[in-house]
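Please examine the sequence and the structure shown here. The briefing below is intended for use alongside them.

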Amino acid sequence: MNDHPPASSDSQPAASRAARPFLPPLKKPVQFVKGVGPRRAEQLARLGIGTVEDLLYHIPFRYQDRREIRKIRDLPLGEEGATVGQLVRMGRRFVTRSRRWVLEGVVRDETGFLFLRWYNQHRYFEQRYQLGQRVLLFGKVEMGLKGGKWMIHPDMELLEEEEDTARILPIYNKTTEMTVAAMRRLVHGAVAEHVDLIPNSLPSEITARLGLMDLNIALRHLHFPPLDADLMALNTAASPAHRAVVFDELFYLQLGMALRRRNMVKEDGLSIVPGPLVRHVYEVLPFRLTNAQERVLEVIFRDMAAPHPMNRLVQGDVGSGKTIVAFCAALAALDSGYQVAFMAPTELLAEQHFRTLSPLAEKLEVSLTLLTGEVKVRRKQELYSLIEQGKVEIVVGTHALIQEGVRFHRLGLAIVDEQHRFGVMQRAALKRLGTNPDMLLMTATPIPRTLALTIYGDLDVSAIDELPPGRKPITTRVFHEGERQKVYRLVKEHLDRGHQAYVVYPLVEESEKLDLKAATNMAEELAHTFFAGYSVGLVHGRMKGEEKDKVMQRFKNGEHHLLVSTTVIEVGIDVPNATVILIEHAERFGLAQLHQLRGRVGRGQAESLCLLLAQYTPADESHRRLRVMSETNDGFKIAEADLTFRGPGEFLGIRQSGMPDFRVANIVRDSRILEVAREEAEAWLAQDPDLTMPASRRLRTVLEDRWAGRLELARVG
Ligand code: ADP
Ligand code: MG
């Protein structure tokens, strides 16, 4: 136990680390850096910087081009520029038009005046300066309404001698208590004295082949970019120095993941082989499987036949036909005498699966049943006993499947639809209903393959990357609230042609009641005004299952032309005659969610339309984000964009559980490097599986350090 003390605070290197010769100096408290006293150390700690190493890795998030400091007269309009001048005025002013206080200043040099303005600037910012001081300014230069050169929200610093030189200036994350310049001084102190402590731990064979800079040189460059550096590359984290640091981080990530995979004990599982049911299913299917479906199914059958539990994630865009693939897998389990549990995240979706699969099950003489929270207690007890006796072969259901009381006779396969809507615990609970059953997970929120391999390290991943034939692509258009009437007209055109439409309202949790009212009122209003003469239905999450079901059924039968709903229709529902979907408050949805909603249309032969009605201001990111929807129908691209906008942490609620933290790398932005790192890590392990070769010595030490006990390296070597 003593070898693994509880996670030590950063200022206190773990005892186990002390034994290693080259890392300890880096783990020293940040006070070892010149200029860092107790007060600074405290401020740095608030930024998560506790050690010398932390400070070295606190890399700039942006760079300014101060290679050229111009006279005010020579500052080009519309571009960023740097200048030096004397502060001649500074003060707050109330702007009546925008009703807020602004801070304004004037700077002068021998060629002219430059006007400055800041919004929301803290008091102590202005207190830092006195009239007459020489300051350095950096910002975009604009022409004022009444003439004159302005910089809005420039960076301003007191000029110190060392700052006077032309260079690319690194900008560090600001702390409210520390000036940018102060932070810069500290980091530079750390670099000057300590950067050479950063070891080159990667095998030189790899770094040489990939042309990677030494890590210490890379860090030096990031903090002191050479004068001829490519500014654009620096600002997009694409410089050679970034590449070296990012590769280093991702290599250790992938090395650790690969070791983990190898250490995973292959449990014993069931051996399931397709038989007559699988052979017959092709005769009862109303269509031929796509090549992608066939291919994925083949892989699934191979997994199921192996004497270990299957753990496969199938990613497939909305409408790619995952349900039927799952059903075929289920039949294979029945062929081998096992039962199947098929879990979906909502009642509606479970019901729909049940309805889609029932006719097929009937023709194949397979017993299929539905188990949801809606099922009455008596019927439930009855079902429980049928399931326990093995008289029901396939159980489609919701969370109700993993409730107490459900016991299977011989569960062979557990299917989870829309798996990202379930937690790890719920999936585990489902798995426990059998003895190491095969697991088939499905998701319509695909993520790029490399990322999937990284995030779902312990799953096998395959993709249905093809849609059934005859699908027309959906046209998506983004509208602003002001264009509402136009949007309605577009919807009406489709209704007039005999098609159906969805109108979707998002519910925001904190104002669920209000939103629900809005949706209800809107349904009323539409029915009596713009869409008078058409039948408008309403479904929302607060309705009873039966009620909901009735409305949905009526919509499916074409009795309702327009269906106003909250997001309850998000997944699954399949009405080919519906050709328009109007999404209100589109800005409140994530892209992946919008994509799923959009997938409700485009299911028939007719041209389909997705209308996004949003509230945004021009400066808003949401418009740019929503435009992605009109640019592509490809779920993978959308997932990628969603990842970029929201970051991997938010996306799907993935926390990088059990993975080392990254200081520089971003697994979305750096997905190319992530891939290379994976290949290199695998290749290295193929050569030195136990990391015992001399060239792996440092590798091992750093690996353990990065994963900080999360790897159980003890088992290796
Ligand atoms: P998702 O992958 O989004 O869950 P579904 O399984 O609901 O997609 O399938 C969407 C629709 O496509 C359904 O109506 C289904 O019957 C149909 N479908 C599935 N596979 C095929 C195929 N190979 N050819 C034609 N239609 C198909
Ligand atoms: Mg589905």
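This is a predicted model: local features need pLDDT of at least 70, side-chain atom pairs count only at pLDDT 80 or more; totals for chains, interfaces and linings use all residues.

Residues are numbered from 1 along each chain as its sequence is written, chains are lettered from A and ligands numbered from 1 in the order in which they are written, and side-chain values use heavy atoms, with hydrogens and water left out.

**Overall make-up**

- The protein has 24 helices and 22 strands; helices (H or I, at least four residues) and strands (E, at least two) are DSSP runs, numbered from the N terminus.
- Of its 717 residues, 52% count as buried, that is, under 20% relative accessible area (1.4 Å probe, protein chains only).
- Among contacts between residues at least 6 apart in sequence, 74% join residues at least 24 apart; contact means heavy atoms within 4.5 Å.

**Helices α12 and α13**

- Helix α12 (residues 322-335) packs with helix α13 (residues 347-364) at an angle of about 40°, and their axes are 11 Å apart. Axes are lines fitted to C-alpha atoms, for helices over the stretch in contact, and angles run from 0 to 180 degrees between N-to-C directions.
- The angle therefore makes α12 oblique to α13; angles under 35 degrees count as roughly parallel, over 145 as roughly antiparallel, 65 to 115 as roughly perpendicular and the rest as oblique.

**The six-stranded sheet**

- Six strands, in the order β17-β22-β21-β18-β20-β19, form an open sheet with parallel pairing; two strands pair if DSSP finds at least two bridges between them.
- β17 (474-480) and β19 (536-539) are the edge strands, each pairing on one side only.
- From one strand to the next, the twist averages 20°.
- Four bridges join β19 to the parallel strand β20 (residues 562-565), where L562 stands opposite V536.
- Helix α17 (residues 484-496) packs on the sheet and touches β17, β18 (500-504), β20, β21 (578-583) and β22 (608-614).
- Helix α20 (residues 591-598) also packs on the sheet, and its direction makes about 150° with that of β21.

- β4 (residues 100-109) and β5 (residues 112-119) pair in the antiparallel sense over eight bridges, forming a hairpin with two residues between them.
- V107 stands opposite L114 in β5.
- β5 also pairs with β7 (residues 149-152), in the parallel sense over four bridges; M151 in β7 is the bridge partner of L116.

How values were computed. Buried means under 20% relative accessible area, exposed over 50%, partly exposed in between (1.4 Å probe, protein chains only).
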